[in-house]
Amino acid sequence: MDWKNINVETPKDGERVLVWDERFGEVRILTYNDYYKCWDGEDGDDCECALDDSRILFWMPLPSRPY
């Protein structure tokens, strides 16, 4: 899978995805919130950061489970 740029393509609203977090230098699972234009926590609640924060620019779909 390839990383996607949030400025070019966005996930589906409510989709949990892998993101690259520039602030912490790590990959995290966050939920895309199209209505509020932000990233919510892994459980889809509580805003982690706004899309225009430029802290998270790259995302990719979660890999499918092997079973």
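Visitor: What does D45 count as, at 46% relative accessibility?
Guide: D45 counts as partly exposed at that value, where buried means under 20% relative accessible area, exposed over 50% and partly exposed in between, using a 1.4 Å probe and protein chains only. This is a predicted model, in which local features need pLDDT of at least 70 and side-chain atom pairs count only at pLDDT 80 or more, while totals for chains, interfaces and linings use all residues. Residues are numbered from 1 along each chain as its sequence is written, and side-chain values use heavy atoms, with hydrogens and water left out.

Visitor: Where is D45 found?
Guide: D45 lies in the loop between β4 (38–40) and β5 (47–50), the strands being DSSP runs of E with at least two residues, numbered from the N terminus.

Visitor: New topic: how many aromatic pairs does a search of the whole structure find?
Guide: The search finds two, a pair being rings of Phe, Tyr or Trp (its six-membered ring) with centres within 6.5 Å, and planes under 30 degrees apart count as stacked, over 60 as edge-to-face and the rest as tilted. The rings of Y32 and W39 have centres 5.5 Å apart and planes at 65°, so this pair is edge-to-face.

Visitor: And are Y32 and W39 buried or exposed?
Guide: Y32 is buried, with a relative accessible area of 2%, and W39 counts as buried at 0%. In the pair of Y35 and Y36, the ring centres are 4.7 Å apart and the planes at 85°, so this pair is edge-to-face, and both Y35 and Y36 are exposed.

Note on methods:
Helix = DSSP H or I, 4+ residues; strand = E, 2+ residues; numbered from the N terminus.
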